[in-house]
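Below are my comments on the model you sent.

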Amino acid sequence: MAGRTAPHSLTRPVGNITRGTTAVNRLRRSDRRLIHDDLVADRLVRAPDPLVVDLGYGASPWTTFELAARLRTIRADVRVVGLEIDPQRVVPGRDGVTFARGGFELAGLRPVLVRAFNVLRQYPESAVPDAWSTVLAGLAPDGLLVDGTCDELGRRCAWILLDRDGPRSLTLAWDPFTVERPSDLAERLPKALIHRNVPGEPIHALLAAADRAWAHAAPMAPFGPRVRWRAAAQALRAEGFPIRPYRRRLRDNVLSVPWSAVAPLDPG
């Protein structure tokens, strides 16, 4: 295809082979938020080449196909490439999705969006800055990176959205009916934050405040956990936390803040 890049078979993959755990519909919560994120949608719609990379899709490519189907509701001609560093996981393409061997170097591609879920979780915290830098350097000029983590069933998700200037926001999304309190997502924080959930760090303060607001919103429990969380989120905003408001009703409980609200005090 003229003017479109393809994975470079001679590019040496950067990264380590990870466990590859995956499951159908595991990333549905992050996908839902991505297709309703104004910034993501705008970058994808305006891209000269709507190329998306699903980095480290794991032992089976189900979530890559799901991502492609959901993003096509924004732009029908989106191209999705799944990259895996383990050559045994590279499978034949279908349904407009292709697969290739690659790592943080993105196999020489220049995507407008990269999703890397449950990849950096398996690396040491010290590896995060270099991994981010490598991916961000390979993005298209207006490209975005989603670095996220979730549990095995996708009931608890957390991700950082980055552009070439660095992290922009942190989003937590969870099943309203199976998660008892917001801080239960602490174990699924992205690698850049999971070890920062200690007193004195902004992410710890946010989760502690979210738990307090959730407890104070207990009188709303009879109306359901979604209504209760909306009340808790409003209380957090009243305390001064820059919680992103959502105009539409959400299936999930969602907490999204600018990166400045949770950035580690000492990045190391």
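**Notes on the predicted model**

1. Strand 1 (residues 51-55) and strand 2 (residues 79-84) are parallel partners, joined over five bridges. Within this pair, L51 is set opposite R79 of strand 2. The model is a predicted one, and the points below should be read with that in mind.

2. These two strands belong to an open sheet of eight, ordered 3-2-1-4-5-6-7-8, with mixed pairing. Strand 3 and strand 8 (253-258) are its edges, and each pairs on one side only. On average, and ignoring direction, neighbouring strands of the sheet are turned by 20° against each other.

3. Strand 6 and strand 7 make a hairpin with two residues between them. The two run antiparallel and are joined by eight bridges; R156 has W174 in strand 7 as its bridge partner. Strand 7 also pairs with strand 8, again in the antiparallel sense, over six bridges, and here L172 is opposite L255 of strand 8. Strand 7 is mostly covered, with seven of its nine residues buried.

4. Helix 2 (residues 38-46) lies across strand 1, strand 4, strand 5, strand 6 and strand 7, and runs at about 135° to strand 5.

5. Which residues touch the most other members of the largest nonpolar core? They are L55, L172, W229 and L255, out of 51 residues. Helix 6 (residues 202-216) gives the most to this core, namely seven residues. A second, separate core has 27 residues, among them L44, V97, F99 and C150. In soluble globular proteins, nonpolar side chains tend to be buried together.

6. The contacts of L55, leaving out residues up to four places away in sequence, include G102, G103, F104 and L106. L83, V114, R115, A116, F117, V119 and V135 are also touched by L55.

7. E105 is in the loop between strand 3 (97-101) and strand 4 (113-117). Is E105 buried or exposed? E105 counts as buried because its relative accessible area is 14%, under the 20% cut-off. Its side chain reaches the backbone nitrogen of G103 at 3.0 Å. The C-alpha atoms of E105 and L136 are separated by 9.2 Å, with the two residues 31 apart along the chain.

How values were computed
Residues numbered from 1 in each chain as written. Predicted model: local features only at pLDDT ≥ 70, side-chain atom pairs only at ≥ 80, totals over all residues. Heavy atoms only, no water. Helix = DSSP H or I, 4+ residues; strand = E, 2+ residues; numbered from the N terminus. Buried < 20%, exposed > 50% of the residue type's maximum accessible area, 1.4 Å probe, protein only. Polar contact = N/O pair within 3.5 Å; in protein donor to acceptor, adjacent residues only side chain to side chain. Pairing = 2+ DSSP bridges. Axes fitted to C-alpha atoms, helices over the stretch in contact; angles between N-to-C directions. Contact = heavy atoms within 4.5 Å. Core = buried A, V, L, I, M, F, W, Y, C linked by side-chain atoms within 4.5 Å.
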